[in-house]
Amino acid sequence: MSNEAITSLMKETRRFEPPAEFAARARIGSREAYDALYRESLDDPDTFWRREAKDLVLRTPWTKTVEGDFPHVKWFLGATLNVSESCLDRHMSTPTRNKAAIVWEGEHGETRTLTYAQLYRETVLFADALAKLGVEKGDRVAIYMGMVPEVVVAMLACARLGAVHTVIFGGFAADAIRDRVQDCQAKFVITQDGGYRRGHVLELKATVDKALAQPQAASVQKVVVFCHLGREKCPVTMHEGRDVWWHHVVDPNGHARREATIVDAEHPLFILYTSGSTGKPKGVLHTTAGYLVGTHVTTKYGFDLRDDDVYWCTADVGWVTGHSYIVYGPLSNGATCLLYEGAPNFPDWGRFWRLIEKHGVTILYTAPTAIRAFMRQGDEWPKKSDLSSLRLLGSVGEPINPEAWIWYHKNIGGERCPIVDTWWQTETGSILMTTLPGAASSKPGSTGLPMFGVVADVVTKDGASVGANRGGMLVLRRPWPSMLRTVWGDDERFRKQYFSDVEGCYFTGDGARRDEDGYFWVVGRIDDVLNVAGHRIGTAEIESTLVSHPSVAEAAAVGRPDDLKGQALVVFVSLRPGASAGPELATTLANHVGQEIGKFARPDQIRFADALPKTRSGKIMRRLLKDVAAGRETTGDTSTLEDLSVLAKLRSDEE
């Protein structure tokens, strides 16, 4: 990646200091304090991690902090534990037992609250029921549920038994379930009758039935079904000998006596599947102690978590963000977590903001795609609700455009809340880079500084570090506790995908730069860096520049083959309210890019779209847009696409 690829973000010079009042009581209140802890985490990792893990429940302490190097590393050797004890049992002898663990609201406004004592009881009783059904240590259990408290219970119950859960997002179709069940040879499936999404009933159990009717899913012995909607709203077919109701196998009058199965530090905790552009999804394997320590520490410091916080991560538990920052990280810290079943725009675009007011949310962690969608609807929606309870905002999922950052800061945070933009991946397990609130200034568009124990670098293909403000490949030079251990059943794929590009490093797949203050700026996937007439152009810069225009809500830049230039630059744009699509605006936007970045970056074509194709976690699927721009049929895995009609509409507009 050349300097041209990072030109526009280099123009971003705004910085925002943490409010003095926030910094004064922050867990880490200055850059100097951060620097000292960061240096200790590298120079004396044993002292650092033993201190930071002191609140977690280890049946036996580790005898060695780390062993080995990329690609195969072991952390906290000799430690034995069960993560459910750190998330639940440890709180039973403290005042936290009576604190709300989960505050749930359904799409139609119904609410439930589970205290830590209640969540503990539900988890232990369900773990006992699963054990009686035959679930044993090491078994794989697929969980296909919506955003209900029982999905958290199911995850923790599996962990309590030493079973390996694989959560499948509740919007996936039958084939996606079949492929994941087949790959990990799951013996059990936990699901629910149905759930709501934008007022419609999603028939989850029926989808499981379709998946398990296929011979590739023959490994499944039992299906446990939670009754969420009831027979009138969502009738289901129960298969005799295979299917059992949750409420039939859990004894409501039972005693919560199921002891946790103690496992080794490197015992598998969960498999989470990520989709590639081609081939079958990858089963990313995370193990017990390293993952727990990583999520615990990053939750505590990354969100400056306090005992009285009401914390809301808007992700689904079907994604790694939900695993790490709804379940394991927050619960191990004793946090109160809001869990919301519905969509952000149901019944209207004010739903998120009413939830914050209603439940007194203090920390909001959401995605740039959601922020840009809210921007598109105008400022009046957040103004209708009292957001004064908020004290901290977070961003996750992909690089945030500076203008989206500013809108978030102003309209949601009231210009008083620090924003922690976070960079990490399914494979990293926990946050690896962010600007710790209270410790350092924020720069819109920058993902900040490395977390503790993380050694990030920007390098050339041969592994040489590049200078400040020069583009390159984002790599990690040292192992970290929560890193993936392998790809389930395919260690060669694990080695090739993550450790073959830059010798001795984990290659993230992202392009980035590091500025003179040590802040990292992720400019997008290396695959999304285009070569237009000899100029290397990062798509993130094109998109950020377009979103800075008052007419644009979202933009996605892709390349299409071009005989003259090699690649032509095509940009798909969705507009803010009041803006009118047409040739005049297209010319204006193309000129805007040319003026801000340079004539070499001026798009060859701007196409207006009502919506952009996104994954169910909110990421724009640029790979599909490349196919549309090139006039090709769609290839590769599309199981993560949220709305197929968006893609069909783009193709029909082309015709």
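This is a short tour of a predicted model, moving from the domains to a set of annotated positions and then to one helix.

**Domains.** Domain 1 is made of three stretches, 20-66, 75-446 and 456-512. Domain 2 covers 533-653. Between the C-alpha centres of domain 1 and domain 2 the distance is 30 Å.

**Annotated positions.** Next, select Arg 197, Arg 198, Gly 199, His 200, Thr 321 and Asn 345, which an unreviewed UniProt entry lists under the feature "binding site". These positions span 149 residues of sequence, and in space they are spread as well, with up to 24.9 Å between C-alpha atoms.

Now zoom in on two of them. Arg 198 sits in the loop that joins strand 10 (195-197) to strand 11 (200-202). Is His 200 buried or exposed? His 200, which belongs to strand 11, has a relative accessible area of 56% and is exposed. For Arg 198 the relative accessible area is 34%, so this residue counts as partly exposed; the exposed class begins over 50%.

**Helix 12.** Finally, select residues 320-332, which form helix 12. How many of the residues of helix 12 are buried? The count is 13 of 13, so the helix is mostly covered, buried meaning under 20% relative accessible area. Thr 321, one of the positions in the UniProt feature, falls within the range of this helix, 320-332. Step past the end of the helix to Gly 334, which follows helix 12 and has a positive phi, near 75 degrees.

Technical notes:
Residues numbered from 1 in each chain as written. Predicted model: local features only at pLDDT ≥ 70, side-chain atom pairs only at ≥ 80, totals over all residues. Heavy atoms only, no water. Buried < 20%, exposed > 50% of the residue type's maximum accessible area, 1.4 Å probe, protein only. Helix = DSSP H or I, 4+ residues; strand = E, 2+ residues; numbered from the N terminus. Domains from an automatic or database assignment. UniProt positions renumbered as here; feature names shortened; annotations may be inferred.
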